[in-house]
Amino acid sequence: MNPTPIVFIHGVWLHALSWEPWDERFSRLGFAVSVPGWPGEPATVAEARRLQGGPREVGLDALTEHYARIVRSFDTPPVIVGHSVGGLIAQHLLGTNLGRAAVAIAPVPAGQVPRERWPAALDAGLFRRLFANAVTEEESARLFERHAVPAPSRLLADLGGPHPRADVDTGNTARGPLLLISGQEDRLVPDSATRAVYKLYGDSTAVSSLKQFPDRAHSLVVDSGWRAVADYVLLWLAERGIRA
């Protein structure tokens, strides 16, 4: 029997390598893990930082189509796990009946609602205030040095206002199951925003779940508490009959 494929999509200011612990955890359990980077993403964090602003041409259209092609390329529909803007893309793809199931962790809110314009690059202080406010200053500094990269300017512009790719078909009854996860101390994507998105799925008979992690911020996929989030995802998948 072929292993269940799972695709991870990272969010803004992070590199695909931020999923390395998740890759190891899910691979060890037998999942066929795929962690494709964004279009034009350099191979390392150091290279991404040297770009000073990221691949400027990558917007929400290109990013969504990039992952749609990847998901379609599997013989067996994969599970899609996304963080931040990756969580938005995961929902969008699932809403178009791509993927077996989706997990959206601290997802950029769905819908054509203007958002606060985010800076292309975070310094250590802003990373601490916005991204890693629920861990110690020492851990925040380590996370910044290990993971923080500039974000594409075009993508941030797309996320700063109404955009058709930010729409999600919340009423689709034929889609696979969806898990939304929030950190209750998240300052970038507040818990209230994720709860509001969860309510949008209320009219669909398809499975929609919400898990709120207390004392966790936007860094919940990369900080020292990542394992609890990953293990909850595994439990939720197993409860839906989705195993490696």
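Which side chains meet in a salt bridge of 2.8 Å, N to O, with arginine 25 as one partner? Arginine 25 pairs with aspartate 231. The structure holds seven salt bridges; the term means a side-chain nitrogen of Lys or Arg within 4 Å of a carboxyl oxygen of Asp or Glu. This is a predicted model, where local features need pLDDT of at least 70, side-chain atom pairs count only at pLDDT 80 or more, and totals for chains, interfaces and linings use all residues. Residues are numbered from 1 along each chain as its sequence is written, and side-chain values use heavy atoms, leaving out hydrogens and water.

**Arginine 25 and aspartate 231**
- Arginine 25 sits in helix α1 (residues 20-28) and aspartate 231 in helix α9 (residues 226-239), 206 residues apart. Helices here are DSSP runs (H or I, at least four residues), numbered from the N terminus.
- Arginine 25 is buried at 13% relative accessible area; aspartate 231 is partly exposed at 28%. Buried means under 20%, exposed over 50%, partly exposed in between (1.4 Å probe, protein chains only).

**Glutamate 145 and arginine 49**
- The closest N and O atoms of this salt bridge are 3.8 Å apart.
- The pair ties helix α6 (residues 137-147) to helix α2 (residues 45-50), across 96 residues of sequence.
- Glutamate 145 is exposed at 52%, whereas arginine 49 is partly exposed at 24%.

**Arginine 195 and aspartate 191**
- These side chains meet in a salt bridge at 2.8 Å, N to O.
- About one helical turn separates them, because they are four residues apart in helix α8 (residues 191-200).
- Arginine 195 is partly exposed at 33%; aspartate 191 is buried at 8%.

How values were computed:
Helix = DSSP H or I, 4+ residues; strand = E, 2+ residues; numbered from the N terminus.
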